Amino acid sequence: MELSKRMQSMPYSAIRKLTPYADKAKAQGKHVYHLNIGAPDVETPQEFFDAINNADLDVLSYAPAAGLMDLREAMADYYKANDIPMEASDIVITAGGSEALLFALLALTDIGDEVLTCEPYYTNYFSYFKWAANEYVTFPTSVENNFHLPSKEEIVSKITDRTKVLLLSNPGNPTGTVYTKAEIRLLADIAKEYNLYIIADEVYREFIFDGAEYQSFGSLDDIDDRLIIIDSISKRYSACGARIGCLATRNNELRDAFVKLATGRLAAPTLEMIGAAALYRKTPEYFQEVNREYQHRRDVMVEELNKIEGVTCSNTAGAFYTIADLPIEDADHFCRWLLEEFDVDGETLMMAPAAGFYEHSENFRNQVRIAFVLNAESLKKSANILAEGLKAYKAR
């Protein structure tokens with residue numbers, strides 16, 4: 001007996017593939033700074049816990065398949081405040097943004113259909129392409145252009161008669177790129193011209209730095225028939241463990257398809273939805289404070305990285321990631337070596353080898369994705385470990 005071909009062809013997530021090595025390092029008494037995963041150390045707002053503690057429930061029963069109406073209404077108010085005209089009826093609650101992506105792919109594609117996205121892309125997209133039995137095609141972006149879009153001609157050259165969906169993260173993961181209004185308009189026009197759906201992964205919407213202007217696909221009024229927004233409270237409210245996300249679309253046929261899929265897993269978790277509704281009623285001032293903190297962390301991380309001989313990275317414009325080029329040939333081996341054989345005063349570092357974020361991974365084996373989700377002091381210590389580690393690694 002053997003596992004399915006789908007399972008045999010699926011790699012571990014580049015974000016967590018080195019976890020066994022990190023666990024072993026911790027068992028040896030080392031402290032590991034986790035820059036491999038977007039798990040912020042910013043405190044989850046107390047309102048989330050208060051709402052759950054104050055829930056007046058005698059029985060913890062299934063919620064509606066589409067999610068608690070109170071949460072959907074709170075999210076609709078949030079969207080309208082961000083110039084995204086959504087009603088509660090346009091929103092389906094999911095178990096995190098990951099389930100939202102899976103539902104979207106299952107509803108929009110058949111086996112062998114193609115999804116078009118950029119390279120690099122969020123590495124876990126690949127897992128969902130496999131689950132939905134999709135093929136995927138990428139158009140390239142580069143650090144020289146801060147990972148902004150290539151020309152229209154280069155993008156459309158990747159479209160075939162099997163392409164059904166255009167998938168994009170904005171702000172970008174793993175690049176931190178914030179696309180301009182002109183770029184969003186370009187992709188919307190391409191989707192209309194080639195009859196493609198748009199899956200817009202906008203879970204980092206609030207994290208925009210240096211006064212940049214953000215453009216949501218949801219604020220365009222001419223793509224209602226083809227737009228699906230994926231969203232989540234994981235990053236927005238530092239509530240990764242709650243696993244509450246959503247699909248939002250003004251296409252009623254699509255919305256009904258998502259509800260049909262949601263009935264198959266019965267419901268998202270009730271208590272977490274109660275907590276999430278309280279989060280979505282927080283005032284906008286919360287985001288201003290959190291955004292300042294992440295911009296400070298970005299500034300610290302980029303400054304410290306660029307001090308290291310041979311290391312280069314872009315000054316990311318949003319989210320909380322940067323792609324860094326290291327002066328080595330194999331970042332996967334180097335990241336394992338840091339965890340297995342290196343420390344500074346009992347502390348070491350875990351990063352995500354960036355090759356797993358590329359379709360053409362062989363060209364980017366020297367890159368890592370770094371998540372600046374820790375406090376500034378921890379980021380400085382992490383950069384020092386990286387600098388000392390590179391010296392020791394090259395001197396072996």
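**Cavity, pockets and the elements around them**

The largest cavity has a volume of about 70 Å³. Closest to its centre, among the 15 residues that line the largest cavity, are C118, P120, G172, N173 and Y179. This is a predicted model, in which local features need pLDDT of at least 70, side-chain atom pairs count only at pLDDT 80 or more, and totals for chains, interfaces and linings use all residues. Residues are numbered from 1 along each chain as its sequence is written, and side-chain values use heavy atoms, with hydrogens and water left out.

Rolling a probe the size of a water molecule over the atoms shows where empty space is left. On a 1 Å grid over the protein atoms alone, a cavity is a set of points where a 1.4 Å probe fits but cannot get out, whereas a pocket is an open set with protein on both sides within 12 Å along at least five of seven lines; lining residues have an atom within 4 Å of a point. Grid points are joined across faces, edges and corners, and a volume is the space filled by probe spheres set on the points. By this rule there is 1 cavity of 30 Å³ or more. Two or more residues of the lining of the largest cavity come from each of β3 (114-119) and β5 (163-169); helices (H or I, at least four residues) and strands (E, at least two) are DSSP runs, numbered from the N terminus. The lining of the largest cavity holds 9 nonpolar, 6 polar and no charged residues, where Ala, Val, Leu, Ile, Met, Phe, Trp, Tyr, Cys and Pro count as nonpolar, Asp, Glu, Lys and Arg as charged, and the others, Gly among them, as polar.

P120 is found in the loop between β3 and α6, and the peptide bond that joins E119 to P120 is cis, with omega near 5 degrees. A cis peptide bond also leads from N170 to P171, with omega near -5 degrees; P171 is placed in the loop between β5 and α8 (181-193).

The largest pocket has a volume of about 720 Å³. It is lined by 31 residues, and S98, Y122, N124, K235 and R243 are the closest to its centre. At least two lining residues are supplied by each of α5 (96-108), α6 (125-131) and β7 (227-232), with α6 giving the largest share, 4 residues. R243 is found in the loop between β7 and β8 and has a positive phi of about 60 degrees, although it is not a glycine. R243 counts as partly exposed because its relative accessibility is 34%; buried means under 20% relative accessible area, exposed over 50%, and partly exposed in between (1.4 Å probe, protein chains only).

The second largest pocket contains about 380 Å³ of space. Of its 17 lining residues, Y78, N82, E206, P284 and F287 lie nearest its centre. The largest share of this lining, 4 residues, comes from α4. The buried residues of α4 are L71, R72, A74, M75, A76, Y78 and Y79. Among the elements that cover them, by contact (heavy atoms within 4.5 Å), are β2 (91-94), β7, β8 (245-248) and α10 (270-279).

In β2, I91 and I93 point one way and V92 and T94 the other way, and all are buried. Strands β2 and β8 run antiparallel and are joined by 4 bridges; two strands pair if DSSP finds at least two bridges between them. The bridge partner of I93 in β8 is C246.
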